[in-house]
Amino acid sequence: MTSPTLVRLRSASFGYADRTVVSGVDLTVRAGEVVALLGPNGSGKSTLVRGILGLSTRQGGDVELFDTPLDEFDQYTRLGYVPQRHSLSASVRATVTEIVEVGRLPHRPWWKPQSRQDQAIVREAIADVGLADRAHEEVAALSGGQQRRVLIARALAGRPDMLVMDEPTAGVDHANQEALALVLQRLADRGTSMLVVTHELEALERVVTRIVCLDAGHIDFDGTPTAYSDHLRRHAVGSDHHHPDDDSPRRGHVIGAAPLDPTPREVTP
């Protein structure tokens, strides 16, 4: 039996204003997959992910999320987004629990206090990322890798059908990369679907089930990790697919963002 389709792109193109970054992309992500999205600097990885989330402009082609056209899709709580950032602000005066509780806000009216179920889900999300013993500590006291896990827990608290992560292991040391990889492995073992932009493939090699490579805004590989190793050998591209990219719009461009929660912007703790 074929797993349900979570994301389907057909000849999709994305960009900002009049600048096309990604074009002609065909991609399908099914339930239970852990897909690593790789590519050299400026290849369009982040733009593609933002396009799926409705955060960059779709300039052509078709996009469906959970079998619903993107233009009609409004259930963004089904996607748990972990943005790329090196750490939470040092000025944030909030505990781990308070940050993770933000992930429950889209699931109840703003005026309604959290329920016991909300509290249980938050505790479970914190435990899932291995921070149960830090639940009442201020996030500013945590390492960068631990803060990254807090952001993953915040996404998990929304009980999404798929996690979308942008460079979750970037900017953290090897030990914290290993800790993050273990977290993602536990989630994968539970059947959590994930789309992960990364240039730290080595840290996640035991987790990913599929690798998709972008080059100059086009997909040039889509297959298993074993097939990817063969692809690298055949084309002798070495480490070209392992560099981080930043294909964000230049300052001053306005992005029309579809909300991930009832507010018109991402809630930043």
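1. A residue is termed buried here when its relative accessible area is under 20%, exposed when it is over 50%, and partly exposed in between (1.4 Å probe, protein chains only). By this criterion T169 is buried, since its relative accessible area is 0%.

2. The model is a predicted one, in which local features need pLDDT of at least 70 and side-chain atom pairs count only at pLDDT 80 or more, while totals for chains, interfaces and linings use all residues. Residues are numbered from 1 along each chain as its sequence is written, and side-chain values use heavy atoms, with hydrogens and water left out.

3. T169 belongs to the loop between β7 and α5; helices (H or I, at least four residues) and strands (E, at least two) are DSSP runs numbered from the N terminus. Not counting residues up to four places away in sequence, T169 touches R148, Q177, L180, T198, E200 and L204, where contact means heavy atoms within 4.5 Å.

4. Helix α4, residues 144–156, contains 13 residues and reaches 19 Å from its first C-alpha to its last, close to the expected 18 Å. That expected span is 1.5 Å times one less than the number of residues. Because 12 of its 13 residues are buried, α4 is largely enclosed by the rest of the structure. R148 is among the buried residues of α4, and R148 is also one of the contacts of T169. The cover over the buried residues of α4 includes β6 (79–82), α2 (96–101), α3 (116–128), β7 (162–166) and α5 (174–189).

5. R210 lies in strand β9, residues 210–215, and counts as buried at 10% relative accessibility. Leaving aside neighbours within four places in sequence, the contacts of R210 include L27, T28, V29, V35, D222 and P225. A polar atom of the R210 side chain lies 2.7 Å from the backbone oxygen of T28.

6. The whole structure holds 3 aromatic pairs, defined by rings of Phe, Tyr and Trp (its six-membered ring) with centres within 6.5 Å; planes under 30 degrees apart count as stacked, over 60 as edge-to-face and the rest as tilted. F66 and F73 are stacked, at 5.9 Å centre to centre and 20° between the planes. The rings of F73 and Y76 have centres 5.1 Å apart and planes at 80°, so this pair is edge-to-face. F66, F73 and Y76 form one aromatic cluster.

How values were computed. Polar contact = N/O pair within 3.5 Å; in protein donor to acceptor, adjacent residues only side chain to side chain.
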